[in-house]
Every structure is written in C-alpha cells, then in structure tokens.
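Dear colleague,

I am handing over the structure below, and I would be grateful if you could look it over alongside the notes that follow.

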Amino acid sequence: MENDADGIILAFINLLTSELQIEEIFSFDEVRYLLPILIKMIQTGELTFKSDFDFKFKDAVEFIKNDMGEKSVELLKPENADNGDKQEIANIIFALLFILYKNQKAKFDQICEKLDGKNSAGIINLLKHLDNFDRLSPIPFTSILNNSSSNNLFSSQNSNFQIFSSQHEKENLEEISKYKIKSAELETKYKQIESINLKLNEQLGNAQNEFADLENKFERLRQADNEKQGSIELLNIQLREITDEMETLRYTNSELQKELKSLKETHSRALQKSSQDLKLKEEEVGLLYIRFWRI
C-alpha cells in the first residue's frame, strides 16, 4: 500500500477489519459500513462488530459536529460522500480518526502500534496537523490530506478534485460491502452457535454422568428395598406366630375366667349354706341354754 494519505487511512482501517476478522477493504467506497463500528469504538473504547445498513455519512458528520463543533465541520459534505466522492469519504473518516485519537488515545495507540513505521508516523503527522487548526473556523480537511505528501492523495479530473463512481459501480460496491458485513455477522453467529454447542455437549456429558450415578443409586436402593421386603416378610411371619400365641392365650384366659366364675359361684353358695347352718346352730344352742336354766 502506498505511503500517502489514503493509503495511511486505509491501512489503519484495515487493522480494524483484521481484529474484527472481516475482509480487508481496498476502496473508500467500502468504508461506509464501518462507520457505526468506528463511532461505537470512539464512544466505548472497545472494538466490537456493529451492523447498521441505514447509517449514512450525514449521520457520521452529525456525530463529528457534536464533538468538534459546528463551525469546524462546515467544509464537510456528507451528501457528496453518500454519492461516492472519495475525497469527502476520506475527509469524514479522517475526522473520525482524529476524534478517536483525542478521546480514546490508549485504544488508538494500541491499534497504531500494529502499523509499520512509515504509516504509523504518517497518521500521527496527519492528526497533529489537524490538531493545529482553530476549532472556531472551518477546518480544510481536503487541504490537510492533499498537502501531506508531494503527491496529491486524491487526483481528480475536474477543478473540485472530486471522483464520482458510476451509479452501477457504486451499487455493486455497496452490495459487496453488505455481503462482507453479512458474512462477518454469519461467522460471528456461527462462532456463537459453536460455543453454545460445546457448552451443550459439556452439559450433556455432565447430565449423562449424573444419570449414571442416579442409576447406581437406584440399583442400591432397589437392593436395599428387596432386603427390607425380606425383613418385612420375616417380621410378618413372626407377627402371625405371636398373633396365634395371643389367640391361644386369650382362649385359655377365657376358659380360666369361666372356671373362676364357676368357683366363685360355688364358693358363694357354700358360704351362704355355711352361714345358714351356723345360724341354725346358734338357734339350737340358744334353745338348749334356755332349757338348761329352766331346769
């Protein structure tokens, strides 16, 4: 990649695509779909995938204006960028990289370290040059980029240095970019599904081990239950024997109660007869006593 402004910026952008594991880009026409990712990194300091097919360059310029001030972005033309003007696309990306450089310096330096020496020094020089401009007046992004080397970074065949792609080419590039983003999304989903599948397999293995343990416990419980059933049968036999003995004892007790009752009745009659006999004897003794005294 040439050591000029567009090459430097694309080199930095492709470090992001490399970390995201999506395809390398070779033209500013493909940068549009990285804008949400770049802005999210500015906001959070983290490089994560984000897809927003409705995101426009005017949305990016609005974000830049909120950070750098309305006056400083007066020369940015998002409508031209949306129409494929590579110079305007480069200007907007350049402004976003400047905000990343200012707001997320640690993250910027971490990425910048992966550039080769020339590109690393080149992007730092570009950003420092931009930092020298007063924010209270329009910043000439195009001039900064075009004057960064002896060669114009954005050649043009007209006085405004604008390069327009045909509508057909633009649509094709947009479709390619959409395909790349979609491919990255699918790859991310595949990795997520693969990770979930590994976790499910691990859980399944754990569940199978637990099931085997439960089967062993059930077998032990079944054996213990069989032993208990044997003990219960033995106890039932003993209980029946004891019950039979108790029935025998009840019968014997009943017979003894009958005999006791009979003895009580006999004893009562004998006692009554003895009482009567005693009374008669007493009466006889009384009569004899009377007779004795009369004599």
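Which residues does Phe108 touch, not counting residues up to four places away in sequence? Phe108 touches Phe12, Leu97, Leu100, Tyr101, Ile123, Ile124 and Leu127, where contact means heavy atoms within 4.5 Å.

Please keep in mind that this is a predicted model, in which local features need pLDDT of at least 70 and side-chain atom pairs count only at pLDDT 80 or more, while totals for chains, interfaces and linings use all residues. Residues are numbered from 1 along each chain as its sequence is written, and side-chain values use heavy atoms, with hydrogens and water left out.

Phe108 is also among the residues with the most contacts inside the largest nonpolar core, which has 57 residues (a core being a set of buried Ala, Val, Leu, Ile, Met, Phe, Trp, Tyr and Cys residues joined through side-chain atoms within 4.5 Å; buried means under 20% relative accessible area with a 1.4 Å probe, protein chains only). Among the elements that give two or more residues to this core are helix H1 (5-20), H5 and helix H6 (105-112), helices being DSSP runs of H or I with at least four residues, numbered from the N terminus. The largest share of the core, 12 residues, comes from H5.

Of the 18 residues of H5, 15 are buried, so this helix is largely enclosed by the rest of the structure.

In H6, the buried residues are Lys107, Phe108, Ile111 and Cys112. They cover an arc of only 130° around the axis, so they lie on the same side of H6 (the arc is that of the directions from the helix axis to the C-beta atoms). What covers them includes H1, H2, H5 and H7.

With best wishes

Key. Buried < 20%, exposed > 50% of the residue type's maximum accessible area, 1.4 Å probe, protein only.
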